[in-house]
Amino acid sequence: MKQKRVVFYALLVALAMLLCACSQAGTTTSPTPLATEGTNTSIALEGAGLTLSLNVEDLKAREQVTIDTTNVDSNGEVAEVTGSGVSLYTLLEESGVQPADLTSVTFTASDGYIMTVPQDILSAREVYILFEMNGDALGAPRSAIPEERAMYWVRDLIKIEISVEGDGGADASKVVLFNTAAAAIESETLNNRGEDAISTSLDLFCQTYLKAAPEGFVTMTANDGFEKQEKADTFLTCYVTLEGEDTPLYFSETLADGMRVKQLLLVASDDEVIYFGQTTVSMADLVSTCNLAEGASYEVLAADGFSLSVTTDELMNGSLQYADGTITAVFPDVVKAGGNVKDVVSITVVE
């Protein structure tokens, strides 16, 4: 009797295994969404008079464009990519916006990652919204700019903001010169890719020199024109070092390489600008670069507390001279103090 039971249970196990195998053999699978990507049902498109919500399924239902291209990661390695999706420029043209008028496009991901594409790239490249890459269906839309750095290929895309000619940023009321100002506050030694780097906390810097801590987002601009918007909360956890390669460098020990900003030129927060330039520049160029507002006069403040008031004309005829680590403001038309202010910390608009 016991032997019959054993044989019966063995037959049941064999039958179960046979049914499972048949079930698996008859199963078909669709393209698998890439892991790490979420599911977004719409993309907000804002700017240039537009406030649209683009339905992802509607976009997928349009005729898809396939691109064979490359992107470049933060280490300079080139990856070949085949993607399918829609052209952002086509969508803009259908909404009455000419791609040639774009001055910037900002992508926002569902995790808060933000990347701004500057005008020189927009004028040279097409911009796409992809739903498939290398044969895999994406779980959420992804931006793509052929032959550009991978940081512009933003995953889990939920928002696109555009700026066009004529959209102006807020005028700055104050410019703080980082090199001089940072020397007066405590620094820290951090590990930058295996090398010690004397670094300045941006949180401490902003507490010391700005009228208020940044909120929302700040805009960083590099010497090559690259722009990046960063969450203020993230920005305040990071540092700037003037030591090593590609300085001034925005970084932290935990910040991914692709999130760093090399050769930082300025940071704009509300109506204040931190300027990182390290070469002699005319005041006219500085005013233009920092978008400094026009005022009745300007106060030029030195590290030792000395200040000099100059008119608009006197300011515009002046320059910032960089020599031996010292920044000196030179105003040929000013008699007081010989028209020189050594170790300049800031220039403030006086209304």
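Which residue in β12 stands opposite N192? The residue is E195. This report concerns a predicted model in which local features need pLDDT of at least 70, side-chain atom pairs count only at pLDDT 80 or more, and totals for chains, interfaces and linings use all residues. Residues are numbered from 1 along each chain as its sequence is written, and side-chain values use heavy atoms, with hydrogens and water left out.

The protein contains 9 helices and 25 strands, taken as DSSP runs (helices H or I, at least four residues; strands E, at least two) and numbered from the N terminus. An open antiparallel sheet has the strand order β11-β12-β15-β16, where pairing requires at least two DSSP bridges between two strands. Because β11 and β16 stand at the edges with a single partner strand each, one side of each lacks a neighbour in the sheet. β11 and β12 pair over 5 bridges in the antiparallel sense.

| Strand | Residues |
|---|---|
| β11 | 188-192 |
| β12 | 195-201 |
| β15 | 239-241 |
| β16 | 249-251 |

Helix α6 packs on this sheet, touching β12, β15 and β16; contact means heavy atoms within 4.5 Å. The direction of α6 makes about 30° with that of β12, with axes fitted to C-alpha atoms, for helices over the stretch in contact, and angles running from 0 to 180 degrees between N-to-C directions.

In α6 (residues 202-209), L202, F205, C206 and Y209 are buried, that is, under 20% relative accessible area with a 1.4 Å probe, protein chains only. These buried residues fall within an arc of 95° down the axis of α6, so they line one face of the helix; the arc is that of directions from the helix axis to the C-beta atoms.

How values were computed
Buried means under 20% relative accessible area, exposed over 50%, partly exposed in between (1.4 Å probe, protein chains only).
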